[in-house]
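Q: I am new to this structure and would like to learn how to read a few of its features. Could we take them one at a time?

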Amino acid sequence: MASLAVGTAARPASPAHGPGHDRGHGPADDGPPLVEGRKSLADVTATVVSPLERRPRPVWYAGLAVSLVLLGVGAASVWHLLATGIGVWGLNKTVGWAFDITNFVFWVGIGHAGTLISAILLLFRQRWRTSINRAAEAMTIFAVCCAGLFPLLHMGRPWFAYWVFPYPNTRGSLWPNFRSPLLWDVFAIGTYLTISALFWFSGLLPDFATLRDRAKGRLPRSLYGALSLGWRGTTKQWQRHEALSLLLAGLATPLVLSVHSVVSFDFATSVIPGWHATIFPPYFVAGAVFSGFGMVLTLLLVARKAMGLEAFITKGHVDRMCKVLLSMACIVGLAYATELFVAWWSGNPYEQFAFLNRAFGPFGWAYAIMVGCNVLVPQLLWSKRVRANLLVVFVLSLLVNVGMWFERFVIIVTSLHRDYLPSSWADYAPTLPEVGLFLGSFGLFFTLFLLFCRFVPVVAMAEVKATLVHEQGGAHGTGGAS
Amino acid sequence: MTPRPPRWSSAEERDALARAAATGEPSRPPAAEEPVPAGLSRRGFLAAVGFSAGALAACARAPERVTAAPGEAPEHAPSGGARWFSTTCGACPAGCGLLVKTKDGRPIKVEGNPAHPVSRGGVCAVGQASVLSLYDSRRLRSPRVDGRDTDLAAADAAVRKAVASGGAVRVLTATVTSPSTRAAVARWLAGVPDGRHVEVDPLSASAALAAHEAAFGVRALPRVRLERAEAVLAVDCDVLGTWVSPVEHTRGWAAARDLGAPTPRLSWHGQAESVLTLSGSNADRRVRVSPGNVPALVAHLVHRVAQRTGGAAPSPADPCPVAEDFVEDSVRRLVEHKGRSVLLCGTNDLDVQRLVLLANERLGAYGGVLDLAAPSLQRRGDDAAWAALLDELDAGKVATLVVAGVNPVVELPAGRRFAAAAAKVPVRVVVAERPDETVALATVAVPAPHFLEAFDDAEPVAGVVSLSQPTVQPLVRARTLRACVAAWTGAPEPDLDLVRAHFEREVAPKQAADASPGRAFRRALRDGFVETAPAAPAAPVLRGDAVPATAPRAKPPAAGRLVVALFPSVALLDGRHAWNPWLQELPDPVTKQTWGNAACIAPETAAALSAKDGDVLRLSGDDGTAIELPAVVVPGTARGTVGVALGHGRLGTERFERVGPRWLEARPTTGRDGRVGTDASAFLALVGGLARPSGAEVRVERTGATDVVARTQTWSSLTMPTATAPHGGERRDPVRETTLAAWKADPRAGNPAAHHGPGLWEGLRAAGPRWGLVVDLTKCTGCSACVVACQAENNVPVVGRDEVARGRDMAWLRVDRYFADVEGAPGEVEVVHQPLPCQHCGNAPCEVVCPVLATSHSEDGRNEQTYNRCVGTRYCANNCPYKVRRFNWFGYGSHDTWADLVLNPDVTVRERGVMEKCSFCVQRVSEARAEARREGRALADGDVRTACQQSCPAGALVFGDVTDATSAAARAAKDPRRYRVLEELNVDPAVSYLVKVRERPLDGAPKEGPHHG
């Protein structure tokens, strides 16, 4: 009985359950259908779960192999770093941060889209989000994990990293410095990771239950059983689940703004020209959303193809995400222009020099990549034909990621390398262990993501079904209604 | 870098070494010659030495006081406390007075002896670093005869046998400033059939000595008293950096340029030179002149001086090689200040020196700025004697050759000829500290003691006898030349007896008669020096025939050739300190290069060769000598000149290959030939019986290779690069300058008031002392003594060439150096130096950003770094507008148990991964505070002297409590010239600077268009 498989996990499909239940329901959408091919609820389960239940395709193994190699490179780099010292990076007395914090901000930025899609789009009732939110949230968590590596490893003595936590100790008590933006980072990122993980996991409960019910072996059944925390799909459970989702969404929404605002304080509160700017918080948030959507697009375009999820992640989804991307590109472009304008308008020669040096100095090439990839190239998205061409969109999303990486690099390195006293000006070039760690962070990210694709439903089945029921007016509701 | 375990020759000695290793005491074999009973401790040794001195003087006072510095009461010195000894610096013949700080029986720091008449409290970078050479684990540790380690008795036997077998005996030394050594050598040579003592200086002043001998009958250099000068013109003479007695000159120079004095003075300083030197970088006006044109320039200068003073001088035969107005302006000033002006020239050319002497005579310099009544004895070398010795060696006429205090193979002209000819000498005895190129030729090698290990005396200037005493029991079986020749004479005596006997015989009688000779010696040891009445109270008079008939001619190089100008570097001098890693890592004050030398070429030369910094150039002479070294473009270098620093590429620098950290991309500190830098001594020629450091003609070409030039500063201009400068250009003003004329009109000239916005931090500062440092940029020469002083005091590690090249030098105190073009004089350059330690900001940007509170503000206004709290985020360094913070990128431990003995036990050795920076010598502040508390009084001004301040030869640094209006620092800070770097950021730095005032080229002179000859 199909309904058993679907029905246990799927929420009661009737929209009549009240507004509190219509997670993902929004105003009527005039766009193309969010789920194509008139799927039944059972079809949804079958399609989403099938990659988990069959042996992985060779392409998955190939991807995992590449990721593990990268992860190995990263591990070797970390070993060399920990055994020898921060000197194995190309930093110097003038440029104290470069690849490390660039990568940190880059990964935190990538982690932004998940919460945005999960929380803000939920609150704004954007139903199209249901197909992609699971993957986006997973991406968020993995990206934040990658991001967390860098502040930890960039410390001269990472074995004392716990000193940044405010815990009672025998030294006085000696508390951390609550004035330091780095400490704010610890709290902001910590909170963000916690909420994102909770949000992701609570959303997974019904789907884990589905997997538990479908599991054939004892091990998967007990594993998924444990992960589903005894989910039975009762009305009470659904009610509480809905309430929790909304609560977490409400908690997560300010985080979307706060995380990157706080990260930007690392720079904005400093005295270094090029860092010391009040525009940084909104500028960084926009940049983070931009890079996050770029990465979501990159990943989903691959996953959609590789896992046969074309029906769920439709061209309509891609089109919408492209529009978000375009609007963010414009905001980021405006921020760049504002920075230049303020530098000129301020009359502060240090500030003016910092930006001229950014554009025309030794790292002018990086600035050109940043502006080209983040502002100029995305303007192609004004064209519907471009948005509909998935290959072009894929390349474009990659370029956005490249551009956003360089944005952080440009902000960090060009501001530091030539600051106030010309005697201390220096150049910077990364070393092999530095590049190795960067590659390693990609290895970690993709390893986690590939494992996620293999063991966790990539699409939030329960939510898609709700969308389906809404779109098809319940007429096709063979499963969940009973 | 791990040295071999110390040798032992008996079970007792082995056990003693093991005990020493366990307790961290220096591992030392007992001295073979000094009268020390076996097993005696250092303290006991000193007591014995003191007692013997005291007993001879029939004096009942505590014997240890004999070797203590003034003002110290050793009986109260607790274990772990510092003990101070007066001594004389032996790092070069200048003979500066030192106070040596010892902790737990080991010298850890040298400071200037403020009472010393030569150095008056100053110590140069080389002197500061010399304490590290004591703990050089690669020193010659035991005598060698025919390549085998042996004992002193065997070495003595070998020498005595050689001398007894007849034949000529020659003793070759650099200038011996020690009168007792001179006497001992003379005594020995008097007893051998054909003995002669040849003194030759690696940095020779032979021609000047000869000129003075001819003119005055005195073979000595006049003592240069720059404090008396109102106008100084130095031609080819690095008077402040390396010439004869730099600390003494710098003290005098700064005294004559003191705008904060009750009667402000600013003597004028002009400089003409081929390679930009420290002196040239400090001149009011500097022109470049190629080495071949120096004679012509001097001829013009002297001719005009003679014209204006009504004397005779030969007419110049060549056109004036520099801007006409420079000559005119300089001569006008020199003549205007007749009696208080001087022309200094370092060119080793007799014709030139005779002219210079003539000009100085006309200018009334003798008896004024130049003191010939009590002359300098710091240079006595005779190049002609060296030439004669080489001929004798070539002819195989020398049976026994003793070399001490000089490394002729690479330091003296025609060193390669010496190396070949020395093989014809049957017995070659070398007394040296290190197994250098000359020791490699020796049949008998005797280790010389470091100057901190032995009794010694010196008479650097007539009438000043400066004494040295051991501050530690000798670390190796060493013996001075004096003790050697005494032993060879057949009267072996320890140095103490020899020095004291000479003192009591020669010096004590010249002193006031109130003391017995023994007491006088004891007091002299304690004070470090005695002054005696000069032998010749009146200045010698000029003999008649002093005016040369013809002027010396310019010597232009052949077409297509460039001229090599060899110069001593401020750090390594002639190379005698090439084994000292502190000095190897000391940035050259001009090029800022560390760990090696370079071909310094003018921008025009670089353009002609299409060479840029780091391109390897091949310099090949017509005689087949060729060297390769990287180019460094130095503005202000004469056209057609290649400046190369001496003293590099030395044997033994191979050990620095792994001086830095080891990691994936690490590159060695040594070059392709395995040594640090390139030895250019092949171009050091002996021409007409005189050393000629500059003048070798070479072809120069690029090899196509590039080499690492490790510089601590890569951007040298205060003007922003045009491509990135804001509209209208931008010039930054960390260094503020003005002209003398403007300063006279307005003492605030060049010092616009900083704009202060509203602050968030006002009123948050605790009341109480606030330490501050005031740096007078008008006095500071950039000599970098403070840099090494800081390194020695604060255990700053050495990181190696690769790390410096990667921008990771660790200096807590750096000296920023900026070049600027001279308006209207293309090719000329102006230079400013700025010592920059941590500014100890009141509103420190570093303090707010540290997540773990590892950097905080002390109640006395210092910015503190707590090493063991630091987790190493480097956020503080990023947020430092002055970029003074230094990060331990690796663990920089030396792994050399000898070198580690120099570490200051009062200062933490920092671990890998933590940030560090200038602490305003917090250990000195704490010590002074504790001392004041113990004595029940408040801290007085001057109780705390930072390491950088203590030995600054120019007295440019003043440290103190700026909230105490009576302190020297507070008074200095009241100067209208005072400003603070980046004050507009409202970080409230505690370090302030006084505007650099220079007499601009045409200040107060009739305006003339500049032209170039």
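Q: Is the crossing in which H16(B) passes H17(B) left-handed or right-handed?
A: Bear in mind that the model is predicted. The crossing of H16(B) past H17(B) is right-handed.

Q: How are the axes of helix H16 and helix H17 of chain B placed?
A: Two packed helices are described by the angle between their axes and by the distance between those axes. Here helix H16 (residues 495-507) and helix H17 (residues 517-527) of chain B have axes that come within 9 Å and cross at roughly 120°. H16(B) is therefore oblique to H17(B).

Q: Which residues make the contact of H16(B) with H17(B)?
A: H16(B) contributes Arg500(B), Phe503(B) and Glu504(B), while H17(B) contributes Pro517(B), Phe521(B) and Ala524(B). Four residues of this contact are nonpolar, two are charged and none is polar.

Q: How many residues does the contact take from chain A and from chain B?
A: The size of an interface is often given as the accessible area lost when the parts come together. In residues, the contact takes 48 from chain A and 51 from chain B. On the side of chain B that touches chain A, the elements giving two or more residues are helix H23 (845-849), helix H24 (875-878) and strand E36 (886-887). That side of chain B divides into 29 nonpolar, 12 polar and 10 charged residues.

Technical notes:
Residues are numbered from 1 along each chain as its sequence is written. Chains are lettered from A and ligands numbered from 1 in the order in which they are written. This is a predicted model: local features need pLDDT of at least 70, side-chain atom pairs count only at pLDDT 80 or more; totals for chains, interfaces and linings use all residues. Two residues are in contact if their C-beta atoms, placed from the backbone, lie within 7 Å. Helices (H or I, at least four residues) and strands (E, at least two) are DSSP runs, numbered from the N terminus. Ala, Val, Leu, Ile, Met, Phe, Trp, Tyr, Cys and Pro count as nonpolar, Asp, Glu, Lys and Arg as charged, and the others, Gly among them, as polar. Axes are lines fitted to C-alpha atoms, for helices over the stretch in contact, and angles run from 0 to 180 degrees between N-to-C directions. Angles under 35 degrees count as roughly parallel, over 145 as roughly antiparallel, 65 to 115 as roughly perpendicular and the rest as oblique. A crossing is left-handed if the near helix is turned anticlockwise from the far one by less than a right angle, and right-handed if clockwise.
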